[in-house]
Amino acid sequence: MVWKKVAKKDSIASGKGREFTVDDKKIAIFNQNGYHAIDGICVHQDGHIAPGKLDGDIVECPLHLWHYNIKTGELIDYLKDVKMQTYKVEARQDGIYIDI
Ligand code: FES
């Protein structure tokens, strides 16, 4: 695992998510009581989850409204055993880093 800088500090609005491409992977980073990063592409039909509506720790995929926990990556409806990869995030002096 390697820490990589993915964004400028303060570039993700509070209560929102943003998608970044890191090593050809789409990663969604949410600024919701701290930063949380999970895979950015929904396991259902490749929806981009970063712009999804946030309700506490839960993000709703904009395409067909499946729900994921942004801290654990778990899909909380339909298929209980589905889990997206999560990544550690750190807000440092010079930007936002993830461990990928
Ligand atoms: S693509 Fe995400 S719910 Fe269908």
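Strands S4 and S8 pair over 2 bridges in the antiparallel sense, where two strands are said to pair if DSSP finds at least two bridges between them, and strands themselves are DSSP runs of E with at least two residues, numbered from the N terminus. Within this pairing, Ala37 stands opposite Tyr87 in S8. The model is a predicted one, in which local features need pLDDT of at least 70 and side-chain atom pairs count only at pLDDT 80 or more, while totals for chains, interfaces and linings use all residues. Residues are numbered from 1 along each chain as its sequence is written, and side-chain values use heavy atoms, with hydrogens and water left out.

**The sheet**

The S4 and S8 pairing belongs to an open sheet of 4 strands, which run in the order S2-S3-S4-S8 with antiparallel pairing. Its edge strands, each pairing on one side only, are S2 (16–22) and S8 (86–87). In general, the strands of a sheet pair through backbone hydrogen bonds, either parallel or antiparallel.

| Strand pair | Sense | Bridges |
|---|---|---|
| S2 and S3 | antiparallel | 7 bridges |
| S3 and S4 | antiparallel | 5 bridges |
| S4 and S8 | antiparallel | 2 bridges |

Strand S3 covers residues 25–31, and its Ala28 is the bridge partner of Glu19. Towards S4, Asn31 stands opposite Tyr35, and the hairpin of S3 and S4 has 3 residues between the strands, with Asn33 taking a positive phi near 55 degrees. Strand S4 (residues 35–39) is largely enclosed by the rest of the structure, because 5 of its 5 residues are buried, a term that means under 20% relative accessible area with a 1.4 Å probe and protein chains only.

**The cores**

A nonpolar core is a set of buried Ala, Val, Leu, Ile, Met, Phe, Trp, Tyr and Cys residues joined through side-chain atoms within 4.5 Å. The largest such core has 15 residues, of which Phe30, Ile38, Ile49, Val59 and Tyr68 touch the most other members. Leaving aside residues up to four places away in sequence, Ile49 touches a set of residues including Ala28, Phe30, Ile38, Val59, Tyr68 and Met84, contact meaning heavy atoms within 4.5 Å. A second, separate core of 14 residues includes Ala7, Ile27, Ile29 and Ile100.

**Charge over rings**

The charged end of Arg92 sits over the ring of Trp3, at 5.2 Å from its centre, and Arg92 also lies over the face of Tyr97, 4.2 Å from the ring centre. Such an arrangement is counted if NZ of Lys or CZ of Arg is within 6 Å of the ring centre and within 35 degrees of the ring normal.

Conventions:
Buried means under 20% relative accessible area, exposed over 50%, partly exposed in between (1.4 Å probe, protein chains only).
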